[in-house]
2 protein chains.
Amino acid sequence: MNAVNTRQHIVEAADRLFYEQGFEATSFAHIAEAVQLSRGNFYYHFRSKDEILDAVIARRLSNTAAMLETWEAGNKTPSERIQSFIHILITNQTKIMAYGCPVGTLCNELAKLDHVAQTDASKLFTLFRDWLARQFEAMGRDADADALAMHLLMRSQGVAALATAFRDEHFIRREVDDMCQWLQSQQPL
Amino acid sequence: MNAVNTRQHIVEAADRLFYEQGFEATSFAHIAEAVQLSRGNFYYHFRSKDEILDAVIARRLSNTAAMLETWEAGNKTPSERIQSFIHILITNQTKIMAYGCPVGTLCNELAKLDHVAQTDASKLFTLFRDWLARQFEAMGRDADADALAMHLLMRSQGVAALATAFRDEHFIRREVDDMCQWLQSQQPL
DNA sequence: ACTCTCCTAGGTCATTCGTCCTAATCGTGC
DNA sequence: GCACGATTAGGACGAATGACCTAGGAGAGT
């Protein structure tokens, strides 16, 4: 097995486990078992848990950036692109109800742990924030594009949080519809 | 020292530590040290970590219920009462930016741990949800009172999440104002 | 066949975790 | 002043944690 591939498998498994169980609750042994690797071999690729976390965050940043680029490709209107963002809540409904938003929950956990990677994790939010702001700018809302982006990000975080607590699909659907309606009302100007 | 008092001190310290560091990251030793108690003595009062968690949740439920009752006392309008809720975001600004919302982050963590107390923790949300719904009913919004309550809860959760990630006081203030404005627009009907 | 580098397996380390036990101390009623 | 239950202190437990080391295998180039 190529070292690059092994490394990638580890990061993939760690990514999933950090999301499903949290960073602190996931141990070296858990990840090693998930990728069918000995702990010793594991240490060859990552010398500390923080190193894995950095790799996981880097992976998420790159995956997120790629997803946002996909949404930006194709001849869609900015409004339609933003709707793609809003609809993650429905696409990932099951996972969100079980584990919350991958970005929000990670940032929260790292904040409580007072972890150094806190800043890096919040860059995931920044990625969405800037992308959304660009869409709102394209809609002609140059003046308050960032505020609108933050507002939408805030809403999706709120929906994810309550979705985890109440596991109510109807609530999610209702709030998603409300967000889309809000988006339409922002259209003109 | 009375046993009841000691127990209460333990729960207070655990409450704070669970909030600031998270449930999993807080150990018996941390709590014992915080209340200047030996681990042995500690075990006399709480036989397991889950037992402390139950006590902490019970304490939060009772404290929250008391706070909501306070807001309901006095001759305020339902709208003014709801504004009291919205303004927790500003009152607890510093703590929220550092540790997030006590309710939301706990529910998220317990969800990831697949913890049995998950259901109990979500009752904290239910407390707010029902109280808010009652206020909206008093405003004459019987038909969609619960949906409005969930919407407001969702917003405050979203603001708390992003406040932790970005630590931006202006964002909090702006969204709080927006929520109050939204509330006013819900007034008639 | 040989070497050298990359990769892997498994064991070991001190520390901390949650849990549990026992012996000593405290306070109150008799 | 004694007895007895309530409370405390401190140590011990096995298991798990993150971190580290070393011996060896795999494979390519010579």
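**Close-up 1. A charged end over a ring, between Arg129(B) and Phe166(A).** In this predicted model, the charged end of Arg129(B) sits over the ring of Phe166(A). It lies 4.7 Å from the ring centre.

**Close-up 2. Lys49(B) over the face of Phe23(B).** Here a lysine takes the place over the ring. Lys49(B) is 4.6 Å from the ring centre of Phe23(B).

**Close-up 3. The aromatic pair of Tyr19(B) and Tyr99(B).** Over all chains, the structure holds 14 aromatic pairs. One of them joins Tyr19(B) and Tyr99(B) edge-to-face. Tyr19(B) belongs to helix α1 (residues 3-21) of chain B, and Tyr99(B) to helix α7 (residues 93-99) of chain B, so the pair ties together parts 80 residues apart in sequence. Tyr19(B) counts as buried, at 9% relative accessibility. Tyr99(B) is partly exposed, with a relative accessible area of 22%.

**Close-up 4. Helix α8 of chain A, residues 102-113.** This helix has 12 residues. At 1.5 Å a residue they should span 16 Å, and the end C-alpha atoms are 17 Å apart, which agrees. Of the 12 residues of α8(A), 10 are buried, so the helix is largely enclosed by the rest of the structure. Among the buried residues are Val103(A), Leu106(A), Cys107(A) and Leu110(A). Asn108(A), Glu109(A) and Lys112(A) are buried too.

**Close-up 5. Just past the end of α8(A), at Asp114(A).** Asp114(A) comes just after the helix. Its phi is positive, at about 55°.

Note on methods. Residues are numbered from 1 along each chain as its sequence is written. Chains are lettered from A and ligands numbered from 1 in the order in which they are written. This is a predicted model: local features need pLDDT of at least 70, side-chain atom pairs count only at pLDDT 80 or more; totals for chains, interfaces and linings use all residues. Side-chain values use heavy atoms; hydrogens and water are left out. Helices (H or I, at least four residues) and strands (E, at least two) are DSSP runs, numbered from the N terminus. The expected span of a helix is 1.5 Å times one less than its number of residues. Buried means under 20% relative accessible area, exposed over 50%, partly exposed in between (1.4 Å probe, protein chains only). Rings of Phe, Tyr and Trp (its six-membered ring) pair if their centres lie within 6.5 Å; planes under 30 degrees apart count as stacked, over 60 as edge-to-face and the rest as tilted. A charge sits over a ring if NZ of Lys or CZ of Arg is within 6 Å of the ring centre and within 35 degrees of the ring normal.
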